[in-house]
Amino acid sequence: NVTCNPRQTMRHCIWCNKTEESVPFKRKAHVLPQTLGATAICDNVCDICNLYFGSAEQGRPSVETVLKETFNISRGVFLRTSNDIGKNKPMAKFSSIYFDVDFKKNTFNLKPTYKRHKYFQEKICRQLKRGLYKVFLEETERVNGDGHDDKYNFIREFARYDLGDFPLFYFERSKGIFALSSNFIKTPDHFLRKEFRYKYLVDEPSFYEFDLLGHTFGIATSRTWEIMVDNYIKKSLEAKKELFKTCKVVTNFHDIDLALSILSK
């Protein structure tokens with residue numbers, strides 16, 4: 001496991017700003033859920049904040065649960081083709097809490113119990129957005145060691161304390177071309193490193209784009225993102241015009257093609 005900021009002698013939580021003098025740091029904080037095959041650890045997440053992301057709240061599933069539910073579906077789509085799902089394989093037989101999943105037919109549907117829950121789609125969508133912002137900040141700290149920077153205070157407020165709302169951009173493919181190595185599918189770490197970034201991912205102030213298990217996302221990295229969003233989307237779509245067709249601002253869980261249906265077209 002690669003850990004963040006080895007130069008730092010005292011652990012300092014990027015979420016609550018407390019040090020190991022006042023809060024414990026005994027548990028390993030995985031940047032992406034371990035059940036996705038991820039191994040990357042961020043040292044500067046205290047046990048209390050780590051537990052928070054794995055705990056359900058106010059009638060909503062935990063942030064970690066939503067990340068697992070979302071990306072295990074997509075991961076399974078890739079692994080099924082290489083017969084890598086099952087006992088003693090990279091992915092155990094998949095059982096979803098919220099969805100009926102059929103990897104052979106490449107379909108998934110919300111289970112009837114949750115279809116009857118008012119606003120469930122919106123709730124799970126918000127948890128997913130918070131989860132991806134959480135992943136970004138922990139990976140930023142792990143790779144660059146600057147997760148405590150004040151410019152990320154809005155991410156702390158949103159991901160950890162559920163304050164405000166910030167966008168998740170989803171880029172819909174026009175072609176089912178994926179250049180993912182089998183190792184990246186089995187162990188989806190290091191998506192922040194430059195050597196893993198494709199040319200269509202733009203570097204634009206106030207935004208960050210990344211690929212994760214067949215999906216291309218963009219998030220805001222500035223509290224004042226709305227000032228530059230139109231220029232960002234225009235530039236991003238131009239860079240992606242050969243492989244992508246649209247950019248969605250995610251408001252509903254089904255805005256994301258979890259089953260990667262483009263692969264079957």
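Across this predicted model, the structure holds 19 aromatic pairs, and the tour begins with one of them. Select Phe99 and Phe253, whose rings form a stacked aromatic pair with 5.6 Å from centre to centre and 20° between the planes. This pair links distant parts of the chain, since Phe99 belongs to strand 1 (residues 99-102) while Phe253 lies in the segment after strand 6 (244-249), 154 residues apart. If you show the surface, keep in mind that both Phe99 and Phe253 are buried.

Next, select Tyr208 and Phe210, another aromatic pair that is stacked, here with 6.4 Å between the centres and 25° between the planes. Tyr208 is buried, and Phe210 is buried as well. Now widen the selection to Phe71, Phe136, Tyr152, Tyr170 and Phe217, which together with Tyr208 and Phe210 form one aromatic cluster.

Select Tyr52 and Arg160, and you will find Arg160 lying over the face of Tyr52, at 4.2 Å from the ring centre. Then select Phe171 and Lys240, where the charged end of Lys240 sits over the ring of Phe171, 4.4 Å from the centre of that ring.

The last stop is the cysteines, and the structure holds 0 disulfides. Select Cys16, which is in no disulfide, and Cys13, whose sulfur is the nearest cysteine sulfur to it at 3.7 Å.

Technical notes: Residues numbered from 1 in each chain as written. Predicted model: local features only at pLDDT ≥ 70, side-chain atom pairs only at ≥ 80, totals over all residues. Heavy atoms only, no water. Disulfide = S-S within 2.5 Å. Phe/Tyr/Trp six-rings, centres within 6.5 Å; stacked < 30°, edge-to-face > 60°. Helix = DSSP H or I, 4+ residues; strand = E, 2+ residues; numbered from the N terminus. Buried < 20%, exposed > 50% of the residue type's maximum accessible area, 1.4 Å probe, protein only. Lys NZ or Arg CZ within 6 Å of the ring centre and 35° of its normal.
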